[in-house]
Amino acid sequence: MFHSYTKQILSPLGNNIFLYNNDIDKFVPKNYSKRVQTIKLNSEVQYLKGVGPRRAAALAGIDIHTVYDLLHFLPRRYLDRTMITPIGSLKANIDATIIGRVLGKGILYGGAKRLEVIIGDESGYVALIWFAGYKYLEKMFNKGDIYAATGPVSYFQQLQMAHPEIERIEDVQDQLIHTGRIVPVYPSTAELKESGISGRTMRQIINRALEIDSNEIGDYLPKRYLDEYNFLPLQKALRSIHYPDNIENAEQARKRLAFDELLQLQYLILCSRQKRTELKKNHKYKKSAKLVKKFVESLPFELTADQNKVSGVIIDDMVKTRPMHRLMQGDVGCGKTVVALIAAVYASESKLQTAFMAPTELLAEQHYQNWKEPLEKLGIESSLIIGAMSKPERRDEEDKIESGKIDIVFGTHALLSDPTKFSRLGLVIIDEQHRFGVKQRGQLISKGKRPDILVMTATPIPRTLALTLYGDLDISSIKTVPKGRQTTKTVWRMASARADMYDFLKTRLAGGDQIFIIYPLVEKSDKLDLQAAEDEYKNLKTNIFKDYKVGLVHGRVKKDKKEKTILDFKTGKIQILVATTVIEVGIDIPSASIMVIEHAERFGLSQLHQLRGRVGRGEKKGLTIAVATDPVSHLARRRLEMFVSSTDGFKIAEADLELRGPGEFFGTRQHGLPELKIADLSIDTDLLPYSREIVSQLLSDESDNKEPDIELIKLKKFLEKRSSERIELTRFG
Ligand code: ADP
Ligand code: MG
C-alpha cells in the first residue's frame, strides 16, 4: 500500500533523529511532528491539534475563536511550582507544592465530614483534605495515581493540606508542562468542563497555540513606544503571560497586553467620534422655544441651577447641524427626567417626534402617567408602548405614532420591535442607559435618520476615567439637588437584629411612615430568590405586620396587579411594599420614607445607592436600613461601610470601582463599554492617557503632509483590522 510505502522512506540520518513526514514531504526532527501544522494568529482553534468541533464550540462560548484569542486568554492566577517540596519536609503555615502517589482515601465522619486523601513520596506522606465538593473528587483519586498538589499546609492532629489545587500527572512529558515551573490556572466554566476542557486540557491547548512561529507574531507597536513605557515585545509578552519566569514577569506581560487592549478601545472610541463630527442631521429645530418656556412655567417647581444650565446646553446641541450625542449624568433624584422632557418639548415644537426609552415597564409607565397631562395642556400628544399591552391596543398606538399624531413616545425595549415606526423621529432619549445593551440603543436610534441622542445615567463614571472612556460622548452633569430635599440616613445591621428592627418599624408605621422592603433578585430566572421574597411577604403580611397593609411587586406579578399595588402604595392605601429590585430604577414615590434592604451583602455598592434613592424624596427625611446576613465577606463589609458613610453618588461610584474592580464594574454593562478582558481600569489608569495620545496622533497624522511614518502606518493598519473585527462593539449605532 502507498501508505506503508511512504512510511518506509528512511531518513538520511537514521530514524531516531529524523523522520519522514508524509504531510509535508520532508524529513523533520523526530520531536517535530507536532509542529507540522502551521499555526497562524488567525487560524481557527478548531483545527488546532486536540481541539475539534466540540471543544471549539465550547471555546467559542467564552469568545475564543482564533489562535489570537487563545493566546490572549489570560490565566486567572498562577501556581508557583518552580519548587517541589519533599513531603517529609513539609511544615505547617507554609504554601507548598508536592508530588506524590495516592496511598489511600476515605470519607471521614468524626468532626466535620470530610474527604481525606493520603499522598506519599519517598520522604513521607500527608493528608489532603476537602470539606466540600468531595463527592466528585473522591471518584477522581485512585490508588497509585500520581498527583501534584499546591496549597497551604496546616497542622490539625496531623500535617495536612486543606483544599489544595490538584492535578493528576500522567507521564514525564506532562510533568514538564504542568509542574516544575510557574503554572497558569485558567478560568473555567461548566460548559468548558462538559466538553472535556479541564484546566489541564486548556493548558495543553494553549501550549499548542504557543508553538506558533514567532514570525507570525509581528509586533505592531513601534519600538519607541516599547522603550518609553518599558513594555515587553509582543512575542515575549504572549509567552510570559502563560509561562512567566516569575510573578513580576507575568505582571509585565499583562501590562503590555492591557495596553494593546486599551489602544484598541481608544481607537474605536476616537474613530467613532471623528465620524460623528462629520455627520449632518436631516431635521431642523425652530429657533423659538416658546413652548419650552410655557412648559417650564407650568412646572410645579423651579428648575435648579444645573437643570437650567443643562437644558440650555441640550437645546444648543439640538440647534446644531450635527446630531447631538450627549450623556446627562446626575445622582438619583436630581431631576434628570424633566430636563429630558424639555428637550422633548422642544422637539415637539418643531414637529419632531421623541422616543423616550426606559429599562422597566414600571418606569416607562411612571414617566407616561406623570407627564401625559401636563404635556397635553400644551397640545403635545404622548403615548406608551410596553410589552404588557394587548395587541389591538398596541396596534392602535403604533398607527398613531406612524401617522405622526403622537409627539412623545414613552416605552421600554418594546419600542424596538419592528411594527413601531416613527414618521419623523428627531430625538432619542434613553433613560438609565447602562441598563441597555449596545445593540438595543443602536436599534432605537436607527428608527430615525440620524436623530439627536440624549442618554441618561445615575451611575456616574468616575472622573478619572470619564474623558478617555466616554471620548465620543459629550457629558453634562447635574450636581445640585432640588430645594427642600432631605438627605437620607443610612445604617446597616446584622440579621440578628431583625426583631428589634421590626419593633422600631412598627413605631414608625404608627407615626404614618411608609416602608419599602427589598429582596435581592439577581437574575430574573432566579426562582429561589423569588420564592424567598414571596415567603417573606407572606410572613410579614400575616404575622409581623398583620395590623398593616402589605403589598408585593416583582417581575412576575401581573401588570394590572403590579400597577394597582404601586398606585395603592403611592396613595397610602398600602403601608409596606415588599419588592425585588424591579423598583431599583427611577421609581418615584415621594411619600415613602423608609427602605429596608434585605441581604444587603449581596448587592453592589452602586445598586445599593440606586435603591436608597427611592426614599427621602418627599417632606420626610429618608431612612435606609441595610440588613446583612452571615456570611458577610470582607469586601461586602467594606461595601456596607462605604454605603453608610457617604450619600454622594460620585464618591460611591469611585468606591464601587475600587472595591469591585472594573472587571465587574464595567463588565456588567454598567457603562455600556466593550468588555475589557485584560486591562483593569483601577490599576491601568496610567495607560489611558498614553493610549489616547498615541491614537490621536495616528488619526491626525493623516491630514499632514509629512514623511509617512512606516511604523505608525503599520500600527494603524493593525488597529483598523482589529476594529473592523469588533465593529459590533461600537456603542451608539
Ligand atoms: P432622576 O434624576 O433620579 O431621574 P427624577 O427626574 O425622577 O430624578 O426626579 C426626582 C423627583 O424630583 C421627581 O419627583 C421630580 O418631580 C422632582 N423634581 C425634579 N426637579 C425638581 C426641582 N427643580 N424642584 C423640586 N422637585 C424636583
Ligand atoms: Mg430617572
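A residue is termed buried under 20% relative accessible area, exposed over 50% and partly exposed in between, with a 1.4 Å probe and protein chains only. The structure is a predicted model, in which local features need pLDDT of at least 70 and side-chain atom pairs count only at pLDDT 80 or more, whereas totals for chains, interfaces and linings use all residues. Residues are numbered from 1 along each chain as its sequence is written, chains are lettered from A and ligands numbered from 1 in the order in which they are written, and side-chain values use heavy atoms, with hydrogens and water left out.

Cys 271 is buried, at a relative accessible area of 16%, and Cys 334 is likewise buried, at 1%. With a disulfide defined as a pair of cysteine sulfur atoms within 2.5 Å, the count is zero.

Met 357 belongs to strand E12 (residues 353-357), strands being DSSP runs of at least two residues (E), numbered from the N terminus. Met 357 is buried, with a relative accessible area of 0%. Its contacts (heavy atoms within 4.5 Å) include Gly 411, His 413, Ile 430 and Phe 436. The C-alpha atoms of Met 357 and Glu 432 are separated by 8.9 Å, although the two residues lie 75 residues apart along the chain.

Ligand 1 is surrounded by 16 residues, the closest being Glu 302, Gly 333, Lys 336, Thr 337 and Asp 588; a residue is near the ligand if one of its heavy atoms lies within 4 Å. A backbone N or O atom of Glu 302 lies 2.7 Å from a nitrogen atom of ligand 1.

Note on methods. Helices (H or I, at least four residues) and strands (E, at least two) are DSSP runs, numbered from the N terminus. A polar contact is a pair of N or O atoms within 3.5 Å; within protein, one must be able to donate a hydrogen and the other to accept it, and residues adjacent in sequence count only if both atoms are side-chain atoms. Lists of a residue's contacts leave out its neighbours within four places in sequence.
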